[in-house]
Amino acid sequence: MRIQFKQAAMTLVLSSSLLISGLPALADGGDLTATTANAAAVQLISDNLQVTVEGVYNEKTASGVRLGAVIRVNNTSSQTLRIPDYELRVKTTDGIVYSLRASSSNARGVQPDSEVELTYLKVVNRQTEVNLSNLSLVDVNYDVYPKQETTLLTTPLDGAVWNGNHGEFKDASHMKKWGEIFTIPTLESPLQYKTVDITKSNSNDGVVYVVKLLVSNPSDQIETVPVLELDGKSKTNVYSGKQVEADSVKLDAGESKYVHFAIRADMDTVLDSVNVLTSESFTQADAAGSVKTSNFHIGKLNIGLPSTKTVAGSYTYGTPIAFEKWNDVINQDLDVALVELHVADNQDQGSKLAFAKFTLTNKGLSEIPVPAFQAMLSSPTGFDYMGSRQSDVEKSVAPGTSTVVSYAFVLPVAETSDVFTMKVQNVINGEASGETTPTFKSTIASYQVTAQGQDDRHKISLFPYAVNIKDYYLAQITSPGQTIAINYTYKLQLFMDLIRDPQVLVDNNFSKLKFELVDPSGSILGSKTFPFTGTDRLVNGKQTLTFSNLTTDQIQSNVIVRVYEALNTPSGEVDRLIAELK
């Protein structure tokens with residue numbers, strides 16, 4: 001009866017108390033060690049077979065009471081040993097004994113100097129909860145009459161039973177602090193874990209918390225992250241959390257990787273902690289011969305969430321951003337820097353707009369694909385504003401050159417702060433969590449930034465361009481149309497200094513300048529957008545811009561020319577007011 005067949009190096013520290021000693025930590029160059037749980041005792045059932053109770057499960061459901069258990073059997077001999085059909089029984093505090101059924105996938109034998117896991121499950125048709133007092137493993141001889149039973153082991157459970165969504169940890173060694181390095185109790189795995197970050201975002205179905213764990217392998221062989229579940233706990237409810245990565249995560253010797261878990265919760269849910277659980281599978285053939293699989297989870301640890309937010313360090317514009325060491329988004333030969341962050345009023349739509357520009361500089365010897373990171377602004381009062389990335393970007397960055405990626409943020413008019421936390425985030429594939437679109441995000445860098453001052457016409461910054469509108473002249477022209485109507489045209493003559501950083505490449509995806517004609521009443525007479533590259537591009541020196549097909553039937557006086565930075569995003573064009581020509 002085995003759910004998973006494991007052959008691993010022997011570690012004879014096993015117990016019914018569901019605990020395992022910790023292993024040295026592999027952290028960011030530090031000498032931290034994983035916290036340890038209480039030492040465990042070995043249960044001997046023969047000269048060469050040793051047993052550990054990995055977990056016991058007891059949960060009241062709508063279909064009855066589900067009772068489950070997982071044990072590990074170790075073979076210390078030099079030959080393969082058969083595992084007899086032992087009965088695993090649990091006893092309640094009121095004296096009732098239940099024999100659990102063995103999974104049809106349980107191993108029938110265990111190879112030399114290795115181990116196997118055996119899984120058991122039973123659904124009891126009763127409407128009241130039960131409390132378990134002990135577990136026993138019994139060898140039943142049906143070849144004699146009356147049958148002969150030999151108890152191989154009996155171990156008290158002492159509260160070491162996981163009660164599903166009502167499960168609580170009573171042992172302090174199972175309660176971990178945020179950021180504390182730990183191993184998973186009772187698992188024969190050297191992997192070490194550390195909580196790194198938790199990100200909250202809203203969806204149509206509620207909120208999603210993404211918890212990021214740093215997993216390190218201090219051993220000298222390849223290890224696979226076991227199937228785990230991270231459940232979020234609020235004061236009143238428990239919310240299931242699944243691993244985001246679709247494929248199993250393997251770590252080479254000495255390697256560290258991030259693993260993410262997505263927890264879906266009700267709107268306005270505030271989580272206090274997360275439970276770390278192992279996922280167990282039980283298979284059994286029904287009367288028709290079809291094999292069915294049932295799953296249950298056994299709690300291992302509880303981790304409290306950070307009580308205070310980590311204060312991000314200050315940032316200097318134009319300096320390379322230091323990303324998390326093990327992120328798999330930013331190539332090590334790619335320098336990413338924030339070069340602009342401007343906030344402007346967007347009166348027509350009753351909001352404010354923030355525009356951010358990042359430069360990506362290739363320090364390597366070959367082309368590097370442009371990473372698809374996201375950006376988010378967080379205000380000092382706790383509001384988060386997700387950036388909308390420009391619709392199209394360069395596919396790659398050539399060696400020795402830079403490119404620009406822009407983001408637009410919509411802020412409420414009530415947002416008065418000019419200091420924000422800029423978070424650079426990784427978009428994670430969410431297929432394993434049943435997502436139709438993988439939209440989970442995890443922060444890989446976080447800095448405090450102060451928005452730059454407002455532009456004026458003599459100093460407009462659209463990195464890598466610096467624009468100075470030294471002078472301008474707006475002329476009004478009338479001409480007869482093809483019918484009785486008269487055509488009204490405006491010509492804007494500009495005298496500009498236009499300077500570009502020669503190292504930074506731009507294409508037709510870059511921001512454009514939009515000129516808008518507005519009459520004294522605020523009505524828009526017409527507008528025109530001009531790119532920095534290609535046909536009709538803006539040039540250095542004297543340039544004349546023509547506005548025709550206007551929404552007016554007469555020449556207007558005191559017309560204002562508003563100058564915007566226009567950025568195309570997936571949700572449409574976003575315009576940031578940068579100057580007014582009056």
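Strands here are DSSP runs of E with at least two residues, numbered from the N terminus, and two strands pair if DSSP finds at least two bridges between them. This is a predicted model, where local features need pLDDT of at least 70 and side-chain atom pairs count only at pLDDT 80 or more, while totals for chains, interfaces and linings use all residues. Residues are numbered from 1 along each chain as its sequence is written, and side-chain values use heavy atoms, with hydrogens and water left out.

β21 also pairs with strand β22 (residues 291-304), antiparallel, through 13 bridges. One example is E280, whose bridge partner in β22 is F296. β21 and β22 form a hairpin with 5 residues between them, and G289 in the turn has a positive phi of about 90°. Is β21 mostly covered or mostly uncovered? Mostly covered: of the 13 residues in β21 (273-285), 10 are buried, that is, under 20% relative accessible area with a 1.4 Å probe, protein chains only.

## An open sheet of 4 strands

Elsewhere, an open sheet is made of 4 strands in the order β24-β25-β31-β29, with antiparallel pairing. β24 (334-346) and β29 (388-389) each have a single partner strand, so one side of each is left without a neighbour in the sheet. Within the sheet, β25 (residues 351-362) and β31 (residues 402-412) are joined antiparallel by 11 bridges. Here K357 has S406 of β31 as its bridge partner.

## The largest pocket

Now for the open space. The largest pocket holds about 1,200 Å³. A pocket is an open set of points on a 1 Å grid over the protein atoms alone, where a 1.4 Å probe fits, with protein on both sides within 12 Å along at least five of seven lines; lining residues have an atom within 4 Å of a point. The volume is the space filled by probe spheres set on the points.

Domain 2 (172-304) and domain 3 (334-450) each supply at least three lining residues, with domain bounds coming from an automatic or database assignment.

How values were computed
Buried < 20%, exposed > 50% of the residue type's maximum accessible area, 1.4 Å probe, protein only.
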